[in-house]
Amino acid sequence: MAQRSIGIVMNGVTGRMGYRQHLVRSILALRDQGGLTLPDGTVVMPEPVLVGRSEEKLRTIAERHGLTQWTTDLDAALADPANEIYFDAQLTQVREKALRAAIAAGKHIYTEKPSADSLDAALSLARAARDAGVKNGVVQDKLFLPGLLKLKRLVDSGFFGRILSVRGEFGYWVFEGDWQAAQRPSWNYRAEDGGGMVLDMFPHWHYVLERVFAPVRSVYAQAATHVPERWDEHGHAYRATADDAAYGVFELDGGVIAQINSSWAVRVDRDELVEFQVDGTEGSAVAGLRNCRIQHRATTPKPVWNPDLPATEPFRAQWQQVPDNQDFDNGFKVQWEQFLAHVVADAPFPYDLLAGAKGVQLAELGLRSSREGRRLDVPELSL
Ligand SMILES: NC(=O)c1ccc[n+]([C@@H]2O[C@H](COP(=O)([O-])OP(=O)(O)OC[C@H]3O[C@@H](n4cnc5c(N)ncnc54)[C@H](O)[C@@H]3O)[C@@H](O)[C@H]2O)c1
């Protein structure tokens, strides 16, 4: 069996996403399972090269996982021909410069979302990658969540009949950082550091809506900064200049109305941290990260509005769980496997930098809609 090693420059592995989801749960998990076996029998073995700003942090991570390759010199890592892929999980704001350098060095590009902090930059990166002839991809992890895979299965089966609406509820309380430490990095709450709910979550909602349901044709959003003062990692108070909540209404092709609330200032009264309810003429579903429950037209109760009586039916008990029917692996890892197969064997990979730019476009239009207080069309994007 042929083995194919592939060097991956991993920048931002000291961060939350870079370390946990991409290094540990994806690349190291792939190495632990003996690599990725392609249909022709070739085994692809990823060889991570850790890149970051702090020698000490990189060394600690490398030693913890028995890795030998790490450096604070990105250019040197990019100059090594054994490193064929550049991966970026840095802060969004510093991403563009690093992606440009990697494209110029002829590396294939895989990056966290959003691919850039403006549509111009995101499109220009997509064009640069195309012109350089390098393969490219953007993380769209939510598509690989068990709950959303089950939802997609329902859509593909025709379960819903005509889909009428989608309502999404995402979020949880992110502590301010004074009497309990915040559970997310403070840059997320500063606009000047690339933070903000719309820029963070609308790229996700774009690909979820487009790939599970239909393309997004218009957006109306209201962004808000509910908590104006927070405390950072060092216990210093700072002004939250970015939006910490966004209330969005999206019109999809075919007239489906999607409404998604995203908030870091909401307390959870849901089964999961994100849930989407989909209503169709033939049935409805509620999908979360892992679970998905359905109610068919034929089992739909007939409530009658009467505020004088207590609820007469156990509404939440009237739904049926969709079975797994398959093993679900970590979503980030599944997408890494697809990207590696794309690079090595030219397997299809639709989640490219142009797809990523569409997510940035929706975020940009969402912020504009909120500023101007009006609904905006989402123009088609092309390179
Ligand atoms: N796919 C997802 O579900 C998901 C979830 C959260 C975050 N993200 C994305 O991942 C990226 C990283 O987010 P995170 O939550 O891991 O952040 P984080 O703050 O935990 O990590 C940021 C990383 O960037 C590095 N960095 C490089 N230059 C920096 C600078 N000038 N200032 C500060 N840090 C710098 C840090 O060292 C660290 O490794 C962001 O682009 C974010 O949008 C994606």
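A residue counts as exposed when its relative accessible area is over 50%. Asp 346 comes in at 56%, so it is exposed. Keep in mind that what you're looking at is a predicted model. Asp 346 sits in the loop between H8 and helix H9 (353-372), and its phi is positive, about 60°, although it is not a glycine.

Asn 325 is another non-glycine with a positive phi, again about 60°. Look for Asn 325 in the loop between strand E17 (320-321) and helix H8 (331-345). With a relative accessibility of 63%, Asn 325 counts as exposed too.

Now over to H4, which spans residues 95-104. Its buried residues are Arg 95, Ala 98, Leu 99, Ala 102 and Ile 103. They share one side of H4 because they cover an arc of only 135° around the axis. On the face turned away from that buried side you'll find the exposed residues Lys 97 and Ala 104.

So what covers the buried residues of H4? The cover includes strands E1 (3-11), E5 (83-88) and E6 (108-111), along with helices H3 (74-79) and H5 (119-132). Just past the end of H4, Gly 106 takes a positive phi of about 80°.

The loop between E6 and H5 holds Pro 114. The peptide bond joining Lys 113 to Pro 114 is cis, with omega at about -15°.

## Around the ligand

The ligand has 22 residues around it, and the closest are Thr 14, Arg 16, Thr 92, Arg 95 and Trp 187. Arg 95 is also one of the buried residues of H4. Sorted by class, the shell has nine nonpolar, six polar and seven charged residues.

A few atom pairs are worth a look. The side chain of Thr 92 places an N or O atom 2.8 Å from an oxygen atom of the ligand. Polar backbone atoms also take part: one of Met 17 is 2.9 Å from a ligand oxygen, and one of Gly 12 is 3.3 Å from a ligand oxygen. On its own the ligand has 840 Å² of accessible area, and the protein covers 83% of that.

## Asn 188, a buried loop residue

Asn 188 belongs to the loop between strand E8 (163-171) and helix H7 (197-213). Is Asn 188 buried or exposed? Its relative accessibility is 3%, so Asn 188 counts as buried.

The side chain of Asn 188 makes a polar contact of 3.5 Å with the side chain of Arg 184. Setting aside neighbours within four places in sequence, Asn 188 touches Gly 195, Gly 196, Asp 200, Ala 242 and Trp 264.

Conventions: Residues are numbered from 1 along each chain as its sequence is written. This is a predicted model: local features need pLDDT of at least 70, side-chain atom pairs count only at pLDDT 80 or more; totals for chains, interfaces and linings use all residues. Side-chain values use heavy atoms; hydrogens and water are left out. Buried means under 20% relative accessible area, exposed over 50%, partly exposed in between (1.4 Å probe, protein chains only). Helices (H or I, at least four residues) and strands (E, at least two) are DSSP runs, numbered from the N terminus. The arc is that of the directions from the helix axis to the C-beta atoms. Contact means heavy atoms within 4.5 Å. A residue is near a molecule or strand if one of its heavy atoms lies within 4 Å of it. A polar contact is a pair of N or O atoms within 3.5 Å; within protein, one must be able to donate a hydrogen and the other to accept it, and residues adjacent in sequence count only if both atoms are side-chain atoms. Accessible areas come from the Shrake-Rupley method with a 1.4 Å probe; for residues, only the protein chains shown count as cover. Ala, Val, Leu, Ile, Met, Phe, Trp, Tyr, Cys and Pro count as nonpolar, Asp, Glu, Lys and Arg as charged, and the others, Gly among them, as polar.
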